[in-house]
Amino acid sequence: MSNVGTLFEALARYSIDTNVIVSFLREHEAEPYPMDVFKPQWDFLQKSIRDGRVVAARRVETELAKWHKTIPTIKSWLSDNKHMFCDIETEQLSAAKRIVNAYPAYGSNENYLGDLEVMTLAMARNLTVVSLEHRAQQHSKKRPKIPNICDEFGIACTGLAGFLRAEGFSGG
């Protein structure tokens, strides 16, 4: 492993979900945090990514690449931020097995693979998941939500506002 990889592993504090990045880059009314309105928050997140405090599972990169038609800037953003994406580590496999055994949707539905990798990366490296998903009132094995799974498996989880507060962002 290179020194850069070791450095980023030592600094990493957060495993980010695809939906956070899409919310900023997809400047659309339906998104809660479009970059044109939340530029200071985006700049802060970008600095956290550059500094290595925020990393993402390799599957997040794959999911983001699928947005190339909707988000024209995604290819260049991915290229500029390729250092943040982490391959699956051995420690993640046992975590994935535990989660998939409890919630088979993660093993049978490709749409859930990104969520699984985000959570297992956090579990393996003792990171906090940053996601825009909301905790489900009626927890479902067929439609699991990241915050519920994180609660159940002892993985720290927060939303964007929680991340910004924890990292000392000040909008003023």
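**Figure 1. Pairing of strand 1 with strand 2.** In this predicted model, Y14 has V54 in strand 2 as its bridge partner. The two strands, strand 1 (residues 14–16) and strand 2 (residues 54–57), run parallel and are joined over two bridges. Strands here are DSSP runs of E with at least two residues, helices are runs of H or I with at least four residues, and both are numbered from the N terminus. Two strands pair if DSSP finds at least two bridges between them. Residues are numbered from 1 along each chain as its sequence is written. Local features need pLDDT of at least 70 and side-chain atom pairs count only at pLDDT 80 or more, whereas totals for chains, interfaces and linings use all residues; side-chain values use heavy atoms, without hydrogens and water.

**Figure 2. Strand 2 and its side chains.** In a regular strand the side chains alternate between the two faces of the sheet. From strand 2, V54 and A56 point one way, V55 and A57 point the other way, and all are buried (under 20% relative accessible area; exposed is over 50% and partly exposed lies in between, with a 1.4 Å probe and protein chains only). Strand 2 also pairs with strand 3 in the parallel sense, over two bridges. In strand 3, C86 stands opposite A57.

Figure 3. Five strands in the order 3-2-1-4-5 form the open sheet, with parallel pairing. At its edges are strand 3 (85–86) and strand 5 (157–158), each of which pairs on one side only. Helix 8 (residues 113–125) packs on the sheet and touches strand 1, strand 2, strand 3 and strand 4 (128–130); contact means heavy atoms within 4.5 Å. The direction of helix 8 makes about 125° with that of strand 2. Such angles run from 0 to 180 degrees between N-to-C directions, and the axes are lines fitted to C-alpha atoms, for helices over the stretch in contact.

**Figure 4. N126 in its loop.** N126 lies in the loop between helix 8 and strand 4. The phi of N126 is near 55°, a positive value in a residue other than glycine. N126 counts as exposed because its relative accessibility is 72%.
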